[in-house]
Amino acid sequence: MGIRGKILIWFGLLFVLLASANLYFLRQSVLPSFVELEQKSALDNVSRVVQSLDNELDHLDNLLNEWAAWDDVYNYVVTHDVNFARGNLNDDTLVTARVSLMGLYDGQGNTLFERALQLETREPQNISSLFARSSPYFKPLITDNPMANGCGVLKAAPGIFLACWRPVLRSDRTGPPHGKVLMGRLIDAQLVRRLESQTQIKFNLQFEHPASMQHGKKPDQWHGVATSNRLGNAIVDVQDRKREFVLDWHMYDALRQPTGHLVLIVPRRITLQGEEALHLALGQITASAAIAVLILLVLIHFTLIRRLSSLARTVATISRNHHWERRTGVHGRDEIGHLADSVNGLLAVIEKHVAELRDLSLVDSLTGIPNRRSFDLRLDLEIQHHHRASTTMALILIDIDHFKPYNDHYGHALGDTTLRQVAQALARSIRRSTDLIARYGGEEFVAILPHTDFAGTQLVIDKMRHAVASLSIPHAWSDTSAQVTISIGAVVGVPEDHTTSTEMIEAADNQLYCAKHGGRNKGAIGTFPTVQTARQ
């Protein structure tokens, strides 16, 4: 064999070795980031489902609160008024309130009313053992502590109930307590479908461990599930099936006893796509080796090694800093160009998934307060609740005056700091746990004030404007004031049957426009459905 042949062979071997080394580096630097992202995404999916169940408990507790603090219920427990029972303690009440379970008990634990329904068919459900005196739930929830209240999970023959319980008090919330009232919602197929639609996540609720976890090696445990601890803890069992994760989150009842299993199957698309892309790139580089060995060492250096090194460094930097919006910057129509395109394609997939996760998150990452999605979910619930109860609510839109000039001249870093300060000042302006302040987008914020009338809304607006003014943030580029100020638009009223969240937001936005048109650093309040404006 001549020198030419030997050189060609050695160059071929060297080429294959270097290509393999670079692909190994890519695999070690990129794929672990994919796995980490998949784990975070899987935990976020579990957290979103758990949060949706927590939200159902919050909605149930708000509904129960109206029954527990009602003079008519208080008097019924004492007098056993037949007319009250005939008009209120019936199947229609459960169906209208969309609750599957309702119970009313006197101070000695005697049952005054107890009913469970399948809401779709109105078929009665057997819960005779749920609050029998021999039931483990009877004393802790009904008789041990007359003032005890709470929410959690109850397990009965029909299935698993989300339930809340409260003492029966007068409408002014004074006692002494006369017994307990309880409401529950069966986690049935209909509720599961609705929660799947809200979260865009498929899940199953099982009484037993998933069959795939009952045998084989012990599953891994991940920490980080966001939960209020009413339903379970922050740990989830995980089985890695290579192509998918099986996640088993343990639910606990009101006595902290194992009750059920929330099971999610999450496909490992990102890692599988990454492995396929890297395998494809390896095949392309290997197939081109026979031609590449004919190229001079200098050309190999400039057309191959240097470009691969640049690609590897760029990918490592992107992976380390999580700048998924960046691209490799390596171009060409050869195998390395295809590899760069494949990596860029994967980075685009990651960027899309990160953006989706950010949009689906319920907390704004910059300000630390709830985000637009959290607000959207809450507003729909409050409109439905206040329409049923025929009570007033308020919606407030807040905009930082002249914020674009502020960003342009002070810089985005200081602009972000100002957004955080204003967000926290607004959050301090509302004190009730039922109120919500959220970032609506950019320099806009939004607040929901349940059970609040015109005067109460005016008081909150005054507090918000004073809180922001007290920050004394300089703003030399404002046409309104030498300091950062806000303009506020609000609407107050009782939602009608056809009232939508979009209509309420538009009405509040119109009031915000009035405040801005009137010179900014002002508040404007209107009523709906017929909007009348009062400026401040």
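In which helix is the place of N407? Select N407: its place is in helix α12. The model is a predicted one, in which local features need pLDDT of at least 70, side-chain atom pairs count only at pLDDT 80 or more, and totals for chains, interfaces and linings use all residues. Residues are numbered from 1 along each chain as its sequence is written, and side-chain values use heavy atoms, with hydrogens and water left out. Helices (H or I, at least four residues) and strands (E, at least two) are DSSP runs, numbered from the N terminus.

**Stop 1**

Is N407 buried or exposed? N407 counts as buried because its relative accessibility is 15%; buried means under 20% relative accessible area, exposed over 50%, and partly exposed in between, with a 1.4 Å probe and protein chains only. Not counting residues up to four places away in sequence, N407 touches H412 and G415, where contact means heavy atoms within 4.5 Å.

Now select residues 403-410, helix α12, together with residues 412-428, helix α13. Their axes lie 7 Å apart, and the helices pack at an angle of about 135 degrees. Axes are lines fitted to C-alpha atoms, for helices over the stretch in contact, and angles run from 0 to 180 degrees between N-to-C directions. The pair α12 and α13 is therefore oblique; angles under 35 degrees count as roughly parallel, over 145 as roughly antiparallel, 65 to 115 as roughly perpendicular and the rest as oblique. On the α12 side the contact is made by F403, Y406, N407 and Y410, and on the α13 side by H412, L414, G415, T418 and L419. The residues of this contact divide into 5 nonpolar, 4 polar and no charged. Here Ala, Val, Leu, Ile, Met, Phe, Trp, Tyr, Cys and Pro count as nonpolar, Asp, Glu, Lys and Arg as charged, and the others, Gly among them, as polar.

**Stop 2**

Move to E382, which lies in helix α11 (residues 372-389). E382 is buried, as its relative accessible area is 6%. Which residues does E382 touch, not counting those up to four places away in sequence? They are M393, I448 and P450.

Next, select strand β14 (residues 444-450), which is mostly covered, with 6 of its 7 residues buried. Strand β12 (residues 393-400) runs antiparallel to β14 and is joined to it by 7 bridges; L395 stands opposite I448 in β14. Strand β13 (residues 436-441) is also antiparallel to β14, joined by 5 bridges, and G441 stands opposite E444. Two strands pair if DSSP finds at least two bridges between them. The hairpin of β13 and β14 has 2 residues between the strands, and G442 in the turn has a positive phi of about 60 degrees.

**Stop 3**

Buried residues of α15 include M504, I505, A508, Q511, L512 and A515. Just after α15, G519 takes a positive phi of about 120 degrees.

The axes of α11 and α15 come within 10 Å and cross at roughly 105 degrees, and the two helices are therefore roughly perpendicular to each other. F375, L379, D380 and I383 of α11 meet S501, M504 and I505 of α15 in this contact. By class, the contact has 5 nonpolar, 1 polar and 1 charged residues.

**Stop 4: the two open sheets**

Select the open sheet of 6 strands, whose order is β3-β2-β1-β6-β5-β4 with antiparallel pairing. Its edge strands, β3 (123-124) and β4 (150-156), each pair on one side only. Within this sheet, β1 (residues 101-105) and β6 (residues 180-186) pair over 5 bridges in the antiparallel sense, and L101 stands opposite G184 in β6.

Finally, select the open sheet of 5 strands, in the order β7-β11-β10-β9-β8, again with antiparallel pairing. The edge strands here are β7 (204-206) and β8 (220-223), and the twist averages 30 degrees from one strand to the next. Strands β9 (residues 235-240) and β10 (residues 244-252) pair in the antiparallel sense over 4 bridges; D240 stands opposite F245 in β10.
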